[in-house]
Amino acid sequence: MKVCVLVLGLSLVLTVCVARSPYQAVLQHSRIRGRQQGPNVCAMQQLKGTNKKYFTNCKQWYHRKVCGKPTMITYECCPGYEKIPGEKGCPAALPLVNIYNTLGVVGASTTQMYSERAQLKEEIEGPGSFTFFAPSNEAWAALPTEILDALVSNVNIELLNALHYHMVSRRLTSEELRHGSSFASMYQDFHVHIHHYSNGIVTVNCARLIKPDQHATNGIVHVVDRVITAVSNNVHMLIDVDDDLETLRVSPSAGLTTMLETDGQYTIFAPTNDAFEKIPQETLNRILGDPVALRDLLNYHILNHMQCAESIVSGTPMETLQGTVLEVGCDGDQMTLNGKAIVTKKDQLGTNGVIHYINELLIPDSAKVLLELAEDSSVATATKLFVEAGLSSHLTGSEALTMLTPLDDAFKGSDTTMTPDLRKLMTNHILKEQLSSKSLYHGQELETLGGLKLRVFVYRNNLCIENACIAAHDKMGRYASMFTVDKVLTPLLVGAVQTSGMTELLNQQGALTFFAPTNDAFNALPRAELNQLMRECRATKSDEDCGPVKARCLWSDASVFMERRLSVYGATPRCLWSDGSVFMERRLGVYGATPRCLWSDGSVFMERRLLLWAFRRPSVRIRMIRPLRKSSSPFRSTGRDFHCTELFLQCFHEVTSSA
């Protein structure tokens, strides 16, 4: 069994290596899958409930689906072969006859009949070398009655011209039908347009070749799944004459007009008038009045290659001219965009591309404001809270911002009733500049609209801002960005950590256990005590208004000094600038003044990083800072002079900031 699997695997690898074209690759794969049924048998995948069949590739074979619908495996003779009664498989080659007779044996008998009625029989029976893209019997049956009646009522002109447009006056095998090529037909040299896709599907004017390479003595027959019509106008002209596309046509898009008139291979998902009417007028006016947003909007509807509907068998991401990706897929017979069945008319072919009509306007993120970005995501709770917090002007304006938007699950079990604290919390979820997550780095500080500084943490598998990690790709809007995060920020804890001087400790390597108070825990404190705890001490305030100085230092025995009160160990630290001003920055060395820190008992203490340095100074006036509680403070600002001649080290410290 293992040997058989290995041989089959090697056969599939060799198939890919020796295949001359994508179509040849899927044909050979189908041959291998049908080998057990006999020689020259191909395994086909047929959509259940329809007559649509596809040569199979590895992905489709194992998924057993085409366009999201289940398929069943059928077996039939590979192109060019036929069965012999009583023998296994398809051992006999089809007899090599002229094109007219070949039509009768490959499932194109209706084309054969119309060829005779249009007096084309003699031409395709006689000498010459032709390629005939012959519509199948089902293709003729699917043609609208009025069109078919117009053809057969004037067989000598209309029907003959239609059949000649299906012919090229040279033999073209599937290998020669290269992607993007075109060939002059036998009807006034109007070209037929070929596309040979990587999944093995080949189309002519967006009609799929369902039985390619049926050889004849005077040419070759490719059976196609629809009747094709002559193409003479470019895609811009098609848009220009269709009343359903009037709004698209009159939009101020001169650059787009010029592009669509040039040679190329474009796919246009053209919004109908109804699609524009579904957009709120305020939003539509904003986009139409903004050249940058309008350009991105229109380019988001265009692919820089031609994608026929019949070439799509599963969802595939495709890059637009705007630079971002659309997922072009299918659901049964319906073509889909980003998973939505919004295509109302398919495969309107022009000389330089194809148009698919859609009934919904596609607005890229780059044309949206923050509120529109949030409304299209799974962050409904946060969006509602931003609006209730009175932040709509920021969400709909032209400020350069970044919004940290928690997922709906982050609010489960929380009271989302709007309060002053919750309003402040939501304000601290908006940063003061437009950012991309790719530009963030470890230790970076980001300022919120509420004035809070948030830190960035880069981990192996996560990128976090404080306690909230980014949970989805960035959404880059017209002016602002949105980061979807997995948690609600806890700014009270963040502020407390920064105020208490624990930032560096929590950033350093080592194993710590942190019993982190929630916002509710902080809010449970009496307001006066919370305010005093979080109060900012400024040089301009009196001693009565100042909070404690926090020293984050090591004792000389390398034990960590982390206590909130400054007189726990009996030795009170003195940490001030040598010019007597109060130190307000989180890190030292900013203002050029030198901190003087020594214990009241004269002992030496060590800075956290143990970078020892010493100096001697003459008499320095030191302003004493009282501890947290007035009743326990033996020190006041007395103005006494102290002589600091002992050896001591640099001290990292902080002054508490206000709530």
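Val204 touches Phe133, Val192, His193, Ile194, Leu209, Val224 and Ile228, leaving aside residues up to four places away in sequence; contact here means heavy atoms within 4.5 Å. This is a predicted model, in which local features need pLDDT of at least 70 and side-chain atom pairs count only at pLDDT 80 or more, while totals for chains, interfaces and linings use all residues. Residues are numbered from 1 along each chain as its sequence is written, and side-chain values use heavy atoms, with hydrogens and water left out.

**Nonpolar cores**

- Val204 also belongs to the largest nonpolar core, which has 28 residues; with Phe55, Phe133, Leu177, Phe183, Val192 and Ile194, Val204 is among those that touch the most other members.
- A nonpolar core is a set of buried Ala, Val, Leu, Ile, Met, Phe, Trp, Tyr and Cys residues joined through side-chain atoms within 4.5 Å. Buried means under 20% relative accessible area, exposed means over 50%, and partly exposed lies in between (1.4 Å probe, protein chains only).
- Helix H2 (22-33), E1, strand E10 (191-196), E11 and E12 each give two or more residues to this core. Helices (H or I, at least four residues) and strands (E, at least two) are DSSP runs, numbered from the N terminus.
- H2 supplies the largest share of this core, 3 residues.
- Another core, of 26 residues, lies apart from it; its members include Leu143, Leu151, Val155 and Leu159.

**Disulfides**

- There are 5 disulfides in the structure, a disulfide being a pair of cysteine sulfur atoms within 2.5 Å.
- Counting bonded cysteines along the chain, the disulfides follow the pattern 1-4, 2-8, 3-5, 6-7, 9-10.
- Cys42 is joined to Cys78 by a disulfide, S to S 2.0 Å. Cys42 lies in strand E1 (residues 41-47) and Cys78 in the loop between strand E4 (69-77) and strand E5 (81-82), so this pair links distant parts of the chain, 36 residues apart. The torsion about their S-S bond is about 110°, so the Cys42 and Cys78 disulfide is right-handed. Cys42 counts as buried at 1% relative accessibility, and Cys78 counts as buried at 1% too.
- Cys67 and Cys330 form a disulfide with their sulfur atoms 2.0 Å apart. The link of Cys67 and Cys330 is left-handed, with -90° about the S-S bond. Here, too, distant parts of the chain are linked: Cys67 is in the loop between strand E3 (65-66) and E4, and Cys330 is in strand E17 (residues 325-331), 263 residues apart. Both Cys67 and Cys330 are buried.
- Cys206 and Cys308 form a disulfide as well, their sulfur atoms 2.0 Å apart. The torsion about the S-S bond of Cys206 and Cys308 is about -65°, so this disulfide is left-handed. Both Cys206 and Cys308 are buried.
- Cys58 is partly exposed, at 37% relative accessible area.

**A four-stranded sheet**

- An open sheet is formed by 4 strands in the order E15-E14-E20-E19, with mixed pairing. Two strands pair if DSSP finds at least two bridges between them.
- E15 and strand E19 (343-350) stand at the edges with a single partner strand each, so one side of each has no neighbour in the sheet.
- Strand E14 (residues 266-271) pairs with strand E20 (residues 353-358) in the parallel sense over 6 bridges.
- Ala270 stands opposite Tyr357 in E20.
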